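Dear colleague,

Please find below the sequence and structure that I am handing over to you. My findings follow directly after them.

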Amino acid sequence: MAGLILDADDIGPAKIIQVREPGIGLEAVLVVDNVARGPAIGGLRMAPDVTTAECMRLARAMTLKNSCAGLAHGGAKSVLIGDPRQPRAHKERLIRAFAWMLRNESDYIFGPDMGTDETCMAWVQDEIGRAVGLPVELGGIPLDELGATGWGLAQCAEIAAPACGLQLDGARVAIQGYGAVGRHAARFLAERGARLVAASDTRGTIAQRGGLDVAELTALKMRGASVLDYAGGERLAQDALLDVDCDIWIPAARPDVLREDNAARLRTRLVLQGANIPFTAGAERLLAARGVLVIPDFVANAGGVICAAMEYHGATRGAAFDAIAEKIRANTTAVIDTAAAQRILPREAATALALEGVRRAMKLRRWTAGAVSVNPNGCVCAP
Ligand code: NAD
């Protein structure tokens with residue numbers, strides 16, 4: 001076993017499944033990291049530059065996130081190569097084909113992620129009846145429309161801000177990636193008196209010291225425009241968001257945006273990781289050494305998956321939002337307290353908390369990480 005699956009450890013991955021259908025240009029991967037707690041929930045990411053390595057790291061992040069949130073679900077992720085803004089008919093064909101090829105993969109429940117949404121999940125549901133993050137018409141709780149993850153980030157901010165001597169009322173916030181996560185985080189934080197001083201998207205950064213109008217910026221983005229089309233403010237390059245002087249910095253876009261080579265540029269006191277795996281481990285160590293409090297992704301951004309799991313088990317949206325608040329507030333408190341008491345990084349504290357839940361569940365299972373399966377290349381995976 002050793003050496004066949006790169007980067008494998010005692011937790012996972014349980015399975016890696018590669019899917020290709022050259023006839024329609026489908027190239028996709030599913031990584032099921034660990035299903036000891038139950039069938040894995042994890043998003044389907046569509047982007048031109050996704051990789052299997054990224055998928056593996058994201059799948060592990062889901063194992064930790066679902067365990068930390070106390071969900072009866074393991075962690076997985078799937079990625080599909082392609083431009084998410086391609087003509088709808090072809091995107092639908094790709095997603096339906098991918099879902100169909102995974103029709104027997106009962107360890108995996110599809111969810112939305114970057115480049116996919118409720119409609120995409122409706123296609124998956126139609127093909128194989130195994131998706132969360134569904135449209136209301138199919139009994140779903142539209143988590144991106146309601147802003148489940150942004151709601152969770154605001155809960156996290158309410159606990160973490162005072163822990164680093166900040167008041168949310170008047171706090172200056174900068175958000176990288178003004179999409180589903182970023183814009184709702186901006187809205188919920190603005191409701192608590194925070195001031196959005198900068199936001200970015202793939203085209204650039206808009207900054208205004210006195211504060212941007214969150215509703216106006218959101219309306220712009222919803223019309224398909226860029227943050228650069230905002231009337232007023234200062235237009236800057238995409239990565240200028242790193243240099244913005246602020247109190248709370250929220251990555252809500254891609255992995256590894258902060259690394260050892262650019263971590264020194266960040267001028268903030270608190271980071272709430274809205275995106276998954278947005279910083280390298282080295283960058284987080286550098287920030288900790290400077291006294292910047294970083295609440296890790298799988299604690300801070302768990303709102304979406306908690307909402308999805310609640311939907312899967314038939315809960316109402318009110319119950320889902322209450323559960324998000326309860327779980328994220330408790331976990332943020334536990335992580336900050338443990339990190340301070342043991343003089344370790346918040347990520348180390350959070351990882352220990354999450355892994356404890358996974359390992360306890362693994363002891364109750366016959367197969368440690370999940371069931372055995374054979375992928376299309378004939379590789380049998382059972383740690
Ligand atoms: P989205 O596609 O709705 O929005 C992403 C935004 O980021 C877009 O506005 C895009 O223009 C921008 N962007 C992309 N690359 C960028 C870059 N390099 N610099 C600046 N902006 C950039 O996606 P989303 O659902 O908001 O997800 C964002 C991140 O949050 C992803 O990492 C996702 O995995 C993570 N996440 C999402 C949820 C959720 O509920 N949607 C939950 C947990 C984690």
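**Helix packing and backbone features**

In this predicted model, helix α11 passes helix α12 in a right-handed crossing. Helix α11 covers residues 317–342 and helix α12 covers residues 346–363; their axes come within 8 Å and cross at roughly 120°.

The contact is formed by N331, V335, T338 and A339 on the side of α11, which meet P346, A349, A350 and L353 of α12. Sorted by class, these residues comprise six nonpolar and two polar ones, with no charged residue.

The loop between α11 and α12 contains R343. The phi angle of R343 is near 55°, which is a positive value in a residue other than glycine. With a relative accessibility of 77%, R343 counts as exposed.

Two further backbone features deserve mention. As background, most residues other than glycine have a negative phi, and most peptide bonds are trans.

- D256 also has a positive phi, near 55°, and is not a glycine. D256 is located in the loop that joins β10 (248–251) and β11 (270–272). Its relative accessibility is 23%, so D256 counts as partly exposed.
- The peptide bond from G12 to P13 is cis, and its omega is near 5°. P13 belongs to the segment before β1 (15–21).

With kind regards

Key:
Residues are numbered from 1 along each chain as its sequence is written. This is a predicted model: local features need pLDDT of at least 70, side-chain atom pairs count only at pLDDT 80 or more; totals for chains, interfaces and linings use all residues. Side-chain values use heavy atoms; hydrogens and water are left out. Axes are lines fitted to C-alpha atoms, for helices over the stretch in contact, and angles run from 0 to 180 degrees between N-to-C directions. Helices (H or I, at least four residues) and strands (E, at least two) are DSSP runs, numbered from the N terminus. A crossing is left-handed if the near helix is turned anticlockwise from the far one by less than a right angle, and right-handed if clockwise. Contact means heavy atoms within 4.5 Å. Ala, Val, Leu, Ile, Met, Phe, Trp, Tyr, Cys and Pro count as nonpolar, Asp, Glu, Lys and Arg as charged, and the others, Gly among them, as polar. Buried means under 20% relative accessible area, exposed over 50%, partly exposed in between (1.4 Å probe, protein chains only).
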